[in-house]
Amino acid sequence: MSTDISLSSSRLPMYAVATQKRITGYDSATGAQWTIRILAAIALTSSLYLAWIALTHGAIAGCGTGGPVDCSYVLDSRWSTVFGMPVSVPAIALHSTVLALLFVPKRSRLGKWSRSLVVLASFSAGLGALWFLGLQIIWLQHICVYCVVVHVCGIGMAATAAWWGRSSPRMTAQSLAIAGVLLSVLIAGQVLATPPEKFEIIEHDRQLPSDISAPGAGRGADHIVPSTSGAIFQSPLSDSVSISIPNVDWSALWNPVALVTAQVGAGAPAARPVNNPESPAKLKTATILNGIELDVTQWPLLGTSDAEIVIAEMLDYTCVHCRNTHHAIQAAMQQYGGRLAVVVLPVPLDSTCNPKITSTSAEHAEACQLAKLAIAVWHQAPDQFGGFHQWLMVNKRSYTQAVAHAETLIDKQRLRTELDSRVPSEFIAKNVELYQRASAGTLPKLLFPRSSAVGEIRSSQAIVELIHQNFAVR
């Protein structure tokens, strides 16, 4: 009898499994299935977060700005969308499908195909991961941590699916071929489609005049000149003192009457005049950040100071998004035919001169030097600035190339003296102060009276529409 009991006991686990199969309709998950489930769940979680950030234009937690690890840079690129939607949206659909298929009862109609579909979806996730990782590493040269989590999970899913499907080589090969076709469609959709606009509109609250100059800036509240519509944010040139040598009529020494009535005139200033002789109420200004005004005669300017519409742009000469936006701005200026001018505010994405940048990526290594050089050219030869700015923005330039080009526009010694002066550095400091007031973060920024457009703008029509919305002009 003991033998019968032993045999019966040994059959209990098999009986339990058979009972489970009859009740639930599916076997206990294998190690491969559970591995794919876990990886798909992690990828789905990260994809949901990325989709939420993309749709709400929120800030990304724990992903730096300005360095090689920069989620904003990746998510603002043209490769972050496909068929007009964030790539995280189809990723959510893919990983949700995988999870659902892995819980489908095998005896159901769909259950007979679930294994093949899971292998196909896993291969699609793996091939897509290789494409997007290649874009980040080779093309963008920036990494998004949350994207990498999704891609690593995708590669892991593909590898596990290949091991799981090893008993069906034909099915595995067919799934891989179909996944390759799907990847080709995705790549074609990204390459051939017109890149969507990625900029964000930020509304600015009213700025208090006494709060404009940042503590420690060395200017204080006396650096703000009252105006009828806001507060003048003074450029570093406002503190420049023009040194003049009195013009004395030396012939008066021989004429006592003339000596008594001799007039002492103001001689030629040692530096370019910087102060507008008009009263502050009559100054031509550009209003930004809902209450801060820039005297257009004291800041680098594209266009004429008497233009009907004046906006400001924060940019970095090493920033590819800024270069793309520059082309749109130039086209918009041509459409307005002289009615539009742009105040240029170089803000280097380089921690050397911008304390808001925590780490400097290789592409921005010369950002401070290029910004100072552009300001030096403007200060010494304002009429040459527009052409020099255009030259810098058309293609990526090294500092050595830029200096050589600048020396064809300005005397070499004059340029060197200007670069060694305090003016370029102080302009950068003032621009960074405004950058902080504009919430720092992404460049470029187009600044309008009460709002700003943050991020790359690819179309001149988008800029025209923004101007119409902010100035009510066509």
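Guide: Glutamate 456 is buried, with a relative accessible area of 6%. This is a predicted model: local features need pLDDT of at least 70, side-chain atom pairs count only at pLDDT 80 or more, and totals for chains, interfaces and linings use all residues. Residues are numbered from 1 along each chain as its sequence is written, and side-chain values use heavy atoms, with hydrogens and water left out.

Visitor: Why is glutamate 456 called buried?

Guide: Buried means under 20% relative accessible area, exposed over 50%, and partly exposed in between (1.4 Å probe, protein chains only). Glutamate 456 has 6%, so the label is buried.

Visitor: What makes glutamate 456 and arginine 458 a salt bridge?

Guide: A salt bridge needs a side-chain nitrogen of Lys or Arg within 4 Å of a carboxyl oxygen of Asp or Glu. Here the N to O distance is 2.8 Å, so the pair qualifies. Arginine 458 is partly exposed, at 23% relative accessibility.

Visitor: How many salt bridges does a search of the whole structure find?

Guide: The search finds four. Another of them joins glutamate 308 and arginine 339, at 2.9 Å, N to O. Glutamate 308 lies in the loop between strand S8 (301–302) and S9, and arginine 339 in the loop between H9 and strand S10 (340–346), so the pair ties together parts that are 31 residues apart in sequence. Helices (H or I, at least four residues) and strands (E, at least two) are DSSP runs, numbered from the N terminus.

Visitor: What label do glutamate 308 and arginine 339 get for accessibility?

Guide: Glutamate 308 has a relative accessible area of 45%, so it is partly exposed. Arginine 339, at 28%, also counts as partly exposed.

Visitor: What makes glutamate 433 and lysine 430 a salt bridge?

Guide: Their closest N and O atoms are 3.5 Å apart. The limit is 4 Å, so the pair counts. Both residues lie in helix H14, three residues apart, about one turn of the helix. Glutamate 433 is buried at 4% relative accessibility. Lysine 430 is buried too, with a relative accessible area of 4%.

Visitor: Why does aspartate 316 have no salt bridge?

Guide: Side chains of opposite charge can pair when their charged atoms come close. For aspartate 316, the nearest side chain of opposite charge is arginine 323, 7.3 Å away. Lys and Arg count as positive and Asp and Glu as negative; His and the chain ends are not counted.

Visitor: Which backbone nitrogens lie 2.7 Å from a polar atom of the side chain of aspartate 316?

Guide: One belongs to threonine 318, and another to leucine 349. A polar contact is a pair of N or O atoms within 3.5 Å; within protein, one must be able to donate a hydrogen and the other to accept it, and residues adjacent in sequence count only if both atoms are side-chain atoms. Aspartate 316 itself is found in the loop between strand S9 (309–315) and helix H9 (320–336).

Visitor: Where is serine 80, and what does its side chain reach?

Guide: Serine 80 sits in the loop between helix H3 (71–75) and strand S1 (81–82). Its side chain reaches the backbone oxygen of leucine 75 at 2.9 Å. The backbone oxygen of serine 77 lies 2.8 Å from a polar atom of the serine 80 side chain. Serine 80 has a relative accessible area of 8%, so it is buried.

Visitor: Is serine 439 buried or exposed?

Guide: Serine 439 is at 61% relative accessibility, and the mark for exposed is over 50%, so it counts as exposed. Serine 439 lies in the loop between H14 and S11. Its phi is near 75 degrees, a positive value in a residue other than glycine.

Visitor: And asparagine 290: buried or exposed?

Guide: Asparagine 290 is at 17%, so it counts as buried. Its phi is near 55 degrees, again positive in a residue other than glycine. Asparagine 290 is found in the loop between strand S6 (285–288) and strand S7 (292–295).

Visitor: How much of the protein chain counts as buried?

Guide: Of its 474 residues, 45% count as buried. The chain has 15 helices and twelve strands.
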